Structure formats: structure tokens, C-alpha cells
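Let's take a look at a few spots inside this protein chain. Keep the structure open while you read.

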Amino acid sequence: MRFKKGIFVLLAVFCLSGISCSSLDTKYKPVYKYTDDNGKEIYDWPAGSETGMIDVHGGKVAYRIYGKDKPGVPIIFVHGGPGGTYNYLYKQLCLAEDRPVVLYDQLGSCLSEISPEFQTEEKVKTLFTIDRYCDELNSVVNYFNFKNFVLGGYSWGCMLELEYAAKYNPSGLKGIVFIGPFLNVDTWLKDAERLIKSLDGGDEMWQEVVQCESSHNYTDRYNQINEIYSQNFTDRHKQDSFDKPNMNNEDVFSPKIAGVDVYDYMWGNSEFVCTGTLQHHDSTPLLNKIKVPVLYISGQYDSGTPQAAFDYCSKTPNGEVAVIPGAAHHTYMERPNEFNVILTEYLKRIEGAQNHE
């Protein structure tokens, strides 16, 4: 099965797929909202999921699955970070009307549990490696034992799923989706510089970033620039992110274990410089090993830029790119209807190819 390389024009996707934004609206199951005894608004997951823990090297990872008995090809989402969490993908639960949808928290993330014997600074760092995260994803795949499946990685999850696919080459893997693609650290950082400079006063802002990073003296202006960057290229529609489900009644990104924050350890404490173990890492040489259909999804204003997506796609034997107008890095929350239409169309083509095998 080969897909034509190129860009989805969204109106063409709607027409070809037979799926409309309005039909997805009717299927969308919103999170359950209630007020606790302290008057705090709590957002919970809709009914119909199964949850549990999966044993992995170093501890247990939490999972949530919807649509367990549905006939469509399953999709396993791989969240970002490192140290992110799966609750950001709640607007994709409508996909479970047709197929199993699996969400899981990686070790070092909100709901995962690290074994007591690894809860020292020295030992916990041995868990925060690309290779071990690949083994962890393999444990998740083996746990569900799907005959066929698709991986959907977001940001850091893109690098992880690519490394996993190249390492294990699982026979059941039928497709890979790279969302807000992060595959090359240096490309990501060069794009961050270019994006800041594209803003009004961008050259001055970038000079401030460079000065603060070199001196390790982070000024109020630096923090303001970081917020400006986020507002333009990470989450342009922040109001659309407020109702995501709570995780243990709080939204914890990269909690510290034995004093170690997996995001800081692997990436660093700045969006504009990588000082962690991922420094200069480039997974793109692995792309030519991936023979299954690959879909890149990038927002028009994404920090995982459309330019990077097209460059990565040029190195991918069987890839295509979809760019979602008006969206930044959180495409799946900011433009969920467009995102879900594109992803559903892709998954249906995967299923169609399976039916002809």
C-alpha cells in the first residue's frame, strides 16, 4: 500500500472521506464535569473505558482503553514530553466509536509508578533513556496483543515511536502518525529561532534569549518571550484546553522522582536550548527503515513545523503530510474536528489495504 507524498487539502479530505466536522461533533463524548466537596470543578473521563497498569522494566505504566471490542484497526497514542501525560488526547476519544483507542503514561509521567528500587537519583536516570522507552512501548504493544495496530505519537512521542519501530520492526504495525513531529533536536531548535524571529520585534527577542541562555540569567523579559512563543506556536487557542480530564485531580507534567525531572534530565529547562541527554539527537536516519504508510500532521503555526514535516516526509519511503490551518502545536486540542477527520481518513485507508491483503 503506497500513499502519495504531499499535502492534504482539508476540503478534499472532507469530500473524499465522507466524514464531516458536524458528524464528528455528534460523536464527540465530552468529559464529565462535576464539583467536588471543596467547590473545585473536576473534569473526569467519560464512561466506557478500561484502565489498568502494565509491568515494564523499572515499574508500571498506566493505560486507558476505549472501544476495546470495536472492529477497526487499533491506534496506540504515544504522548509527548518527555514527562507529558495522556490526558491531552481526550478529544480523540470519538475515534473509539470504530476502533480501540489506547492511551498510556510513560514512566516518569503522571500516572506511572516507578519501582522503589529505582527511586534513587542514580538508578532513576537509567530509566530515562530512548532505548528503555522503546522497550516500554514494546511491553505496551505486547500487553494488548493486537493483530494489527497503528501508532500515533505526539512531539517527543514521534521520536519514541520511530526509534521503537526501527528497533523492533513489529509485524503488526500497519501505520505511524507523527503529530507535531519532533525527530531531530537541532532542527527543532533552528525552527524555534526562525519562528521567534518571524514575530514583530523577533530579532530583539531572539537576542534576549541568546543572552539569557549564555549567562543562565533568566530575566522577566525572557519569561515573557517564552510566553509569547507559547501563545503563537504551542497553544494559540488556550481556551480549548481548559476542560481536559484531571489526572489524580491535578495536572502534573513531569513530576520529580528522587529529585529528577525527566523533562529537565532528557531535554533541559528551556524550550530554546537542549542541555539534556537528547542534545543533538537525530532519529531521521531511521526513517528509511519504515515501510508502512506514515502520516505527518502539523499545525500551520506548529513548533513542529510544516517545513520540518515536509523535510522528514522526503526521507520517508511511504509518507504524506497534512497541515491544519490556524493550529499550533496542540493541533488535536485546538482543531479537533479537522484533526480527527484527517486521522480517521488515514485509518480507514489502512483498513482498506488490510481488507485487500
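Two residues count as touching, or in contact, when they have heavy atoms within 4.5 Å of each other. Keep in mind that this is a predicted model.

Let's start with Tyr 332, which you'll find in helix 11 (residues 331-334). Its relative accessible area is 1%, and buried means under 20%, so Tyr 332 counts as buried.

Who does Tyr 332 touch? Leaving out residues up to four places away in sequence, the list is Tyr 88, Leu 89, Lys 91, Gln 92, Tyr 154, Ile 179 and Phe 339.

## Arg 99 in its loop

Next up is Arg 99, in the loop that runs between strand 6 (75-78) and strand 7 (101-104). Arg 99 is buried too, because its relative accessibility is 1%.

Its side chain makes a polar contact with the side chain of Glu 351, at 2.4 Å. If you skip residues up to four places away in sequence, Arg 99 touches Glu 351 as well as Tyr 66, Gly 67, Lys 70, Gly 72, Val 73, Ile 75 and Leu 347.

## One side of helix 10

Now find helix 10 (residues 306-314), where Pro 306, Ala 308, Ala 309, Tyr 312 and Cys 313 are buried. These residues lie on the same side of helix 10 because they cover an arc of only 155 degrees around the axis.

What covers them? The cover includes helix 6 (185-197), strand 11 (294-299) and strand 12 (319-324).

Conventions. Residues are numbered from 1 along each chain as its sequence is written. This is a predicted model: local features need pLDDT of at least 70, side-chain atom pairs count only at pLDDT 80 or more; totals for chains, interfaces and linings use all residues. Side-chain values use heavy atoms; hydrogens and water are left out. Buried means under 20% relative accessible area, exposed over 50%, partly exposed in between (1.4 Å probe, protein chains only). Helices (H or I, at least four residues) and strands (E, at least two) are DSSP runs, numbered from the N terminus. The arc is that of the directions from the helix axis to the C-beta atoms. A polar contact is a pair of N or O atoms within 3.5 Å; within protein, one must be able to donate a hydrogen and the other to accept it, and residues adjacent in sequence count only if both atoms are side-chain atoms.
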